[in-house]
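Student: Can we go through the charge pairs in this one, then the strands? I have the viewer open.

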Amino acid sequence: MGTQMIPNLNCLLIDDDKDDQEIFKLALQDINEHIVCLTVDNGMEGLQLLRRNESFVPGHIFLDLNMPRMSGKDCLAALRSIPRLAEVPVVIYSTSSDPRDIRETKELGATDYIVKQYSLASLKEILRRYFN
């Protein structure tokens, strides 16, 4: 395996909210200190990162819906068009609990949908499912 990251223990968070990024990373560190989470501030940056680094295949991609420059839904569609990421779970991570958003993102290829939590404990409980 060499120096490669353990695939299931690395993830990418695409979210424009710095506070949400910090809380997310804190939750992951509490679950497993070996989880490596890269963060980018918008969909364009996320796609650039993935296109630049051909060998980078995150274990999971967590994606906010409401972001500047490129919506989460547009980013999701673009992610789903990259062949090497076809098997990577893309989990929507949004403040929206609108059933339409949930339905539309599933139709676009989202694996799962998490509504942002206000407590670190409940976020950890949800994220633990992905990193076992």
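Student: What do the side chains of Asp30 and Lys124 meet in?
Tutor: A salt bridge, at 3.1 Å from N to O. Keep in mind that this is a predicted model.

Student: Which helices does that pair link?
Tutor: Asp30 sits in helix α1 and Lys124 in helix α5, residues 120–128. They are 94 residues apart, so the pair links distant parts of the chain. Asp30 is partly exposed, at 46% relative accessible area.

Student: How many salt bridges are there in the whole structure?
Tutor: A search finds 11.

Student: Which residue does Glu54 pair with?
Tutor: Arg84. The closest N and O atoms are 3.8 Å apart. This pair also links distant parts of the chain, 30 residues apart. Glu54 is in the loop between α2 (43–52) and β3 (60–63). Arg84 is in the loop between α3 (72–79) and β4.

Student: Is Glu54 buried or exposed?
Tutor: Exposed, at 55% relative accessibility. Arg84 counts as partly exposed, at 26%.

Student: What about Asp101, which residue is its partner?
Tutor: Lys73, with the closest N and O atoms 2.8 Å apart.

Student: Which residues are linked in a network of salt bridges?
Tutor: Asp15, Asp20, Asp64 and Lys116.

Student: OK, strands now. How many bridges join β4 to β5?
Tutor: Four. Strand β4 covers residues 90–94 and strand β5 covers 112–115. The two run parallel.

Student: How does the chain cross from β4 to β5?
Tutor: Through helix α4, residues 99–107. That β-α-β crossover is right-handed.

Student: Which residue stands opposite Ser94?
Tutor: Val115, in β5.

Student: Last topic, the surface. Which residues form a nonpolar patch there?
Tutor: Ile23, Leu26 and Leu120. Together they have about 230 Å² of accessible area.

Student: Where is Leu26 found?
Tutor: In helix α1, residues 18–31.

Conventions:
Residues numbered from 1 in each chain as written. Predicted model: local features only at pLDDT ≥ 70, side-chain atom pairs only at ≥ 80, totals over all residues. Heavy atoms only, no water. Patch = residues over 30% accessible without salt bridge, like charges linked within 9 Å, V, L, I, M, F, W, Y side chains within 5 Å. Areas by Shrake-Rupley, 256 points an atom, 1.4 Å probe, with all protein chains shown as cover. Salt bridge = Lys/Arg side-chain N within 4 Å of Asp/Glu carboxyl O. Pairing = 2+ DSSP bridges. Right-handed = clockwise from strand over helix to strand, strands pointing away. Buried < 20%, exposed > 50% of the residue type's maximum accessible area, 1.4 Å probe, protein only.
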